[in-house]
Protein chains: 2
Amino acid sequence: MKLHMQSDMTRTAVDRKILASVRNFYAAGLNYRSHIDWANRERGGGYKIPTQADIGYRSNNALICSGEDIVIPKDSTGPIDYEGELVAVIGKKIKNATEENALDGVAGYTLGNDVSERSWQKGDRTLWRAKNSDTFKPMGPSIVGGIDPMALQIDVRINGKTVSSYSTAGMIFGVAHYIARMSRYLTLHPGDVIWFGCDGPTVPALQPGDLVEVVNEHIGVLANRVTREG
Amino acid sequence: MKLHMQSDMTRTAVDRKILASVRNFYAAGLNYRSHIDWANRERGGGYKIPTQADIGYRSNNALICSGEDIVIPKDSTGPIDYEGELVAVIGKKIKNATEENALDGVAGYTLGNDVSERSWQKGDRTLWRAKNSDTFKPMGPSIVGGIDPMALQIDVRINGKTVSSYSTAGMIFGVAHYIARMSRYLTLHPGDVIWFGCDGPTVPALQPGDLVEVVNEHIGVLANRVTREG
């Protein structure tokens, strides 16, 4: 992935070619307190506040651009939830970074919608189809360098109505901390992406026909229509 | 990834270029009964026999070829275990396959060593460094088409002594079943790999200096030396 480093305010549109160059797809999952509290109330407990920055995974097959449709599989019973997230796009090899220099390896930031099928998330042994069915990972609309990842406002709108609004300042473990810790054990590569989780509830559930938008003033609007398979 | 399809007995060496072309990295994890029984005895229970074929994930950063070193991170307290596994390498796009035609999309089969740091596997929230530290995923030595994935003998040797020996016939969910089920929700792409888990105990633990080999008569010997960082 050819991207400028984040020293200045750069902007790269996320298109199919950028998505195809995504390599390792990391996701923090639980990284904001009020989302964990809500998930426990909603899904009967079991989620603890993380005491260390352990990263999880998503899968590239599910990536789509802004403007493409989220397709709910025909046998899904739902609910299907949005999760609007900050995404860091890695621009160069990172190994044994410190928290002080970790962000030097980030090409820029974009937005992700970690679409989740909650009945599968609850019942399956892994998150595979709950989080990684084809089209479940909208990412974009642009990768922007030169912004502070810990001071971004992220909103989610459904059909124009704001349903979620939070600041990345509320992360339990910040972007630099995650990158530094991950890079002690693994090499981050250009084209790797890290999704940082979302804060608060993720309701109401998405319905076929809905337009869901993840919004940040610097990055833009990640907009996807929800449809149903078949 | 340019590979012949599996209709005839083809052979492609796994080199750095092949590893770099691996895209989505799927892993069944628990897919043999006696390995699950052993894991429960060893790690205090909690692993159920899967009732449906839910796939998990590993990460490309960890892949190495036969002949390269497995490097134990310096702060690992271990134990470090081998897991010798069958790997299916996808050769073409697969979506909505049936069990009858699922194997038509497989370019061939190779071997994997799902190296695992058991203290991190037990204590961390995810499998990230326990299973995906750099060098923890040896794969090779060759991708072979035209063989029956459900009738392969897989042995593991440490310093020439056989420590594990099982048949892929013991899978709880077979290769065709996994691919067919996965492809109902996601598109499999050329270069995707699926690791199918291992049977039985995975002892004794690996020590620095050990040579660990995963062996199949058709695919060959995946051989890696164990070293310690720093």
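Predicted model: local features only at pLDDT ≥ 70, side-chain atom pairs only at ≥ 80, totals over all residues.
Residues are numbered from 1 along each chain as its sequence is written, and chains are lettered from A and ligands numbered from 1 in the order in which they are written.

Q: How many of the residues of strand β7 of chain A are buried?
A: Strands are DSSP runs of E of at least two residues, helices runs of H or I of at least four, both numbered from the N terminus. β7(A) covers residues 84–90 and is largely enclosed by the rest of the structure, because the buried residues number seven of the seven.

Q: Which residue of β13(A) stands opposite A88(A)?
A: Two strands pair if DSSP finds at least two bridges between them. β7(A) pairs in the antiparallel sense with β8(A) (residues 106–113) over seven bridges, and there the bridge partner of A88(A) is Y109(A). β7(A) also pairs in the antiparallel sense with β13(A) (residues 193–195), over three bridges. In β13(A), the residue opposite A88(A) is I194(A).

Q: Which residues touch the most other members of the largest nonpolar core?
A: A nonpolar core is a set of buried Ala, Val, Leu, Ile, Met, Phe, Trp, Tyr and Cys residues joined through C-beta atoms within 7 Å. Contact between two residues means that their C-beta atoms, placed from the backbone, lie within 7 Å. Leaving aside neighbours within four places in sequence, V87(B) is in contact with residues including Y109(B), L111(B), M139(B) and W195(B). Of the 124 residues in the largest core, those that touch the most other members are V87(A) and V87(B).

Q: Which strands stand at the edges of the open five-stranded sheet of chain B?
A: The order in this sheet is β5-β15-β14-β11-β12, with mixed pairing. Each edge strand has a single partner, so one side of each is left without a neighbour in the sheet; these strands are β5 (70–72) and β12 (161–167) of chain B.

Q: What is the bridge partner of V212(B) in β15(B)?
A: β14(B) (residues 211–216) and β15(B) (residues 220–228) run antiparallel and are joined by six bridges. In β15(B), V212(B) has as its bridge partner N224(B).

Q: What is the bridge partner of V156(A) in β14(A)?
A: β11(A) (residues 153–158) pairs with β14(A) (residues 211–216) in the antiparallel sense over four bridges. In β14(A), the partner of V156(A) is V214(A).

Q: Which element supplies the largest share of the side of chain B that touches chain A?
A: 23 residues of chain B are in contact with 23 residues of chain A. β3 (56–57) and α4 (128–132) of chain B each supply at least two residues of this side. The largest share, three residues, comes from α4(B).

Note on methods
Buried ≥ 20, exposed ≤ 12 C-beta atoms within 10 Å, placed from the backbone.
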